[in-house]
Amino acid sequence: LQGDWSSDVCSSDLIALTSQQLANAAQWVAGAAASSGDVHSGSGIAVLSRRGAAVQLISPGDTVDSDQAVIVVLVHGKFDGNVFSQPRGVTVPGGDEMLASFDATTGQVEDFTLLDTAHGRQAPDLRTLGPVSNLPPS
């Protein structure tokens, strides 16, 4: 990922995303959406959180081995799950919402899922993690 992700993130800074973090998140979303077949992804939101809390919202019951600051994004669109890397023999269904977290310092993708709201996979309320910001157009 490109851009400067190192915007002085520490445990007491999990309040709101900076404009640079929002721009970087929007750039990542545009690339991920295009690679999944949706070149015109819809609206999106983002929040700064800790990975432990974010993963409990993204994949309840999963555990992680780190708790760094992450940017969590939720984007509406049409996404093909089969274009993303996955273990051999695993099929990832598509969805109309993409939910992901990435390290707020490095930009490394940490957690990712596609949600098919037509089949009951509703997006979690990101406001439970902190102040939510709208993603700028990319």
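1. A salt bridge here is a side-chain nitrogen of Lys or Arg within 4 Å of a carboxyl oxygen of Asp or Glu. Arg-51 belongs to helix H2 (residues 51-58), while Asp-65 sits in the loop between H2 and strand E2 (69-79), so the contact ties together parts 14 residues apart in sequence. Helices (H or I, at least four residues) and strands (E, at least two) are DSSP runs, numbered from the N terminus.

2. A caution on the source: this is a predicted model, in which local features need pLDDT of at least 70, side-chain atom pairs count only at pLDDT 80 or more, and totals for chains, interfaces and linings use all residues. Residues are numbered from 1 along each chain as its sequence is written, and side-chain values use heavy atoms, leaving out hydrogens and water.

3. Arg-51 is buried, at 9% relative accessible area. Asp-65 is exposed, at 74%. The cut-offs are under 20% relative accessible area for buried, over 50% for exposed, and partly exposed in between (1.4 Å probe, protein chains only).

4. Which residue forms a salt bridge with Glu-110? The partner is Arg-51, with the closest N and O atoms 3.5 Å apart. This pair links distant parts of the chain: Glu-110 lies in strand E4 and Arg-51 in helix H2, 59 residues apart. Glu-110 is partly exposed, at 24% relative accessibility.

5. Asp-111 also meets Arg-51 in a salt bridge, at 3.1 Å from N to O. Here too distant parts of the chain are linked, with Asp-111 in strand E4 and Arg-51 in helix H2, 60 residues apart. Asp-111 is buried, with a relative accessible area of 11%.

6. Now put the contacts together. Shared partners join Arg-51, Asp-65, Glu-110 and Asp-111 into one network of salt bridges. Searching the whole structure gives 4 salt bridges. As background, side chains of opposite charge can pair when their charged atoms come close.

7. Strand E4 has a partner of its own. E3 (residues 95-103) and E4 (residues 109-115) pair in the antiparallel sense over 6 bridges. Pairing requires at least two bridges found by DSSP between the strands. Ala-100 stands opposite Phe-112 in E4.

8. What do E3 and E4 form? They make a hairpin, with 5 residues between them. In its turn, Gly-107 has a positive phi of about 85°.
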